[in-house]
Amino acid sequence: MKTTFKYFIAILLVTGTFNACDLEVVPPSEISAENYWKTDKDAWYALNACYYNMPALDIWDEMCTDNAHSHKPWEGNFEFVQQNGVSTAAPYGNYTFESIRIANNFLEKVETCNMDEAIKNRMKAEARFFRAFAYLELNQYYGKVAIVEDLLAYDAPNVARNPVEEVRNYILKELAEVATILPEKYDGSYLNEAGRVTRYGALALRARAALYFGNFEEAEKSAKAVIDSKQYALFRANSLDEAELKEAAEMELFIDFDKLGINRDKFIKGMFSYETLWQGANASPANPEYVLTREYMADANACDPYRYTYFIPLSMSIYHGYSSFEPMQDLIDAYWDIDGKTMRNTISVNDRKAAYQEIWNHAKNLSNEDYKAFSTSTDLMDYNYMSEFKNRDSRLYVTFMFPFKGWHGSAKGEFYYKWNPDLINKNGNESWTGFSYRKMVAVDPYDRFNNPDDYPTIRYAEVLLTYAEAHLMNKGYDEEVKKALNDIRDRCGMPNVPENLSKQEAIDFLRNERRIELAVEGHRYNDVRRYGSDYCKKYLNGPSTAPNGYVVINKQWDDRMMLMPIPTSAMDTNPLLRDDQNPGY
């Protein structure tokens, strides 16, 4: 369903919700409690509000981990989380029941619509799906949360939080029930638009929730149902365009294809399969990897405002580049060598600093043409700093922009990344970590701020990873686990996973594979917490540095950070929360 919001129809009434459509615009003076909630079109409009609030790009949570950073405090309290600085007055998370109230409003009011009962029941299942999704988000941030299924009056009595297990059981139950009501697919007709939540979208979210809860039996069961449906597959590019062919030729600098016996065609196509699944015509519900899609339209009021300017440095942009979200060295270091199983030896901060200074001293005064010539010459790889990017996982090359690496398919066209350490603390629109994002960056921006590419809120690769992890925890590292992981590896042109691993080795391996495959998608925040306190103490402590040794952030972990604090504003609204704050706050 192409959820459209070109014109907003405010429904004040007693609902506090809104709906939208770009077809028949009803003048606000004609909207009232007496003439709304009558027809299937009213229900259709109203359900759009649930879709509008669907979660999508979740880079914000990633910037609270060891994966990413934002040096701009006005973007959010991310550094507070990374440094154990959040409080009830300066919280993190989204403590809101807006999506839940919108769903409850729909579920109550749709009963008065004169429409086909089967369609009505299916729409109610869609609304329940989004309500469960909202509860999953709240549970991950705050643990206990009040379960509310009725449309409460604004002066209703305050509601206490339900215990964590009740909330989790409720989420799993709701998603299991709606999965039996929702269809496997839609035919594209009116009220049955492609892109609506399907049975398998509900099961995929249920698999995610169960994995987060440590309920591996249910996670495996739900993920397997999605896999066995045969309706989804990893996106694979069959050919390369002119820009990709240019970059493929330059990859000879970075990969010793012949020396290491690497299949050049498979590796290169794997790179661009992973990159282009997010872009242009591939970014739609028609993509076989998109299990649940957050759709946008080509309108400046209804686009994704982050996947271009916020991801890139000023020097790359044809309009603006804010570099608001930047990957950290910690994440770069997590990528495998090209063998798909070896981790690079840790490079000391001083050694990296010296290596970068050496190459930067040579390059900093080069003209644009000379910089390009240097970046494409064999001399480039003679510098020690570039050894960090030699013979690495294919996904690294299309997830990040790193110094001297070329990108021919950007919105700017041909571009060679240049990182100037002298700009740290001087130019807020250049990366402070030494890197910028490439994964998910729009290559054809609608305008300087927005891009209409749809976003896979749940993609099939996540389902495969969920299944592999849940099955590993239930049965051990067997052929089923390897089959799921090798599907992911085959798509990105990397070798199969190791044949023989102990269970703990397999757990560690899978955690890192998940970190790489799902980088930038926001899962790391929830993953590190479910891995436990020891894992968090290992990965969420200590300095993260830029190539010149600059300390970008000094991470500090405390176990209270397993949950976020209930905000002061929420406690002021609901005094019952004052004596039910999360531990450590």
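Mentor: A residue is called buried when its relative accessible area is under 20%, exposed when it is over 50%, and partly exposed in between. The model is a predicted one. Start with Lys 482, which has 5% relative accessibility and therefore counts as buried. Its salt-bridge partner is Glu 479, with the closest N and O atoms 2.8 Å apart. Glu 479 is exposed, because its relative accessible area is 53%. Both residues belong to helix H17 (residues 479-491), where they are 3 residues apart, about one turn of the helix. Elsewhere, salt bridges with shared partners connect ten residues into one network: Glu 289, Asp 393, Arg 395, Lys 439, Arg 459, Arg 489, Arg 491, Glu 513, Glu 517 and Glu 521.

The whole structure holds 51 salt bridges. One of them pairs Asp 580 with Lys 144, at 2.5 Å between the closest N and O atoms. This pair links distant parts of the chain, 436 residues apart: Asp 580 is in the segment after helix H21 (568-573), and Lys 144 is in the loop between H5 and helix H6 (164-181). Asp 580 is at 18% relative accessibility, so it counts as buried, whereas Lys 144, at 26%, is partly exposed.

Arg 264 and Glu 252 form another salt bridge, with 2.6 Å between the closest N and O atoms. Arg 264 is in helix H11 and Glu 252 in the loop between helix H9 (242-250) and H10, so the bridge ties together parts 12 residues apart in sequence. Arg 264 is partly exposed at 33% relative accessibility, and Glu 252 is partly exposed at 37%.

Leaving aside residues up to four places away in sequence, Asp 61 touches Tyr 92, Tyr 141, Gly 522 and Tyr 525.

Some charges sit over rings. The charged end of Lys 418 is placed over the ring of Tyr 371, at 4.7 Å from its centre, and Arg 101 lies over the face of Tyr 154, 4.4 Å from the ring centre.

Now the rings themselves: the model has 47 aromatic pairs. In the pair Phe 257 and Phe 267, the ring centres are 5.8 Å apart and the planes are at 75°, so the arrangement is edge-to-face. Phe 257 lies in helix H10 (residues 257-260) and Phe 267 in helix H11 (residues 264-276), so this pair ties together parts 10 residues apart in sequence. Both residues are buried. They belong to one aromatic cluster whose members include Phe 254, Tyr 356, Trp 360 and Phe 389.

The largest nonpolar core contains 180 residues, and those with the most contacts inside it are Phe 129, Phe 254, Phe 267, Phe 311 and Met 386. Helix H5 (residues 117-142) supplies the largest share of this core, 14 residues. Phe 254 touches Met 386 directly, and its contacts beyond four places in sequence also include Leu 380, Phe 389, Tyr 397 and Phe 402.

Note on methods: Residues are numbered from 1 along each chain as its sequence is written. This is a predicted model: local features need pLDDT of at least 70, side-chain atom pairs count only at pLDDT 80 or more; totals for chains, interfaces and linings use all residues. Side-chain values use heavy atoms; hydrogens and water are left out. Rings of Phe, Tyr and Trp (its six-membered ring) pair if their centres lie within 6.5 Å; planes under 30 degrees apart count as stacked, over 60 as edge-to-face and the rest as tilted. Helices (H or I, at least four residues) and strands (E, at least two) are DSSP runs, numbered from the N terminus. Buried means under 20% relative accessible area, exposed over 50%, partly exposed in between (1.4 Å probe, protein chains only). A charge sits over a ring if NZ of Lys or CZ of Arg is within 6 Å of the ring centre and within 35 degrees of the ring normal. Contact means heavy atoms within 4.5 Å. A nonpolar core is a set of buried Ala, Val, Leu, Ile, Met, Phe, Trp, Tyr and Cys residues joined through side-chain atoms within 4.5 Å. A salt bridge is a side-chain nitrogen of Lys or Arg within 4 Å of a carboxyl oxygen of Asp or Glu.
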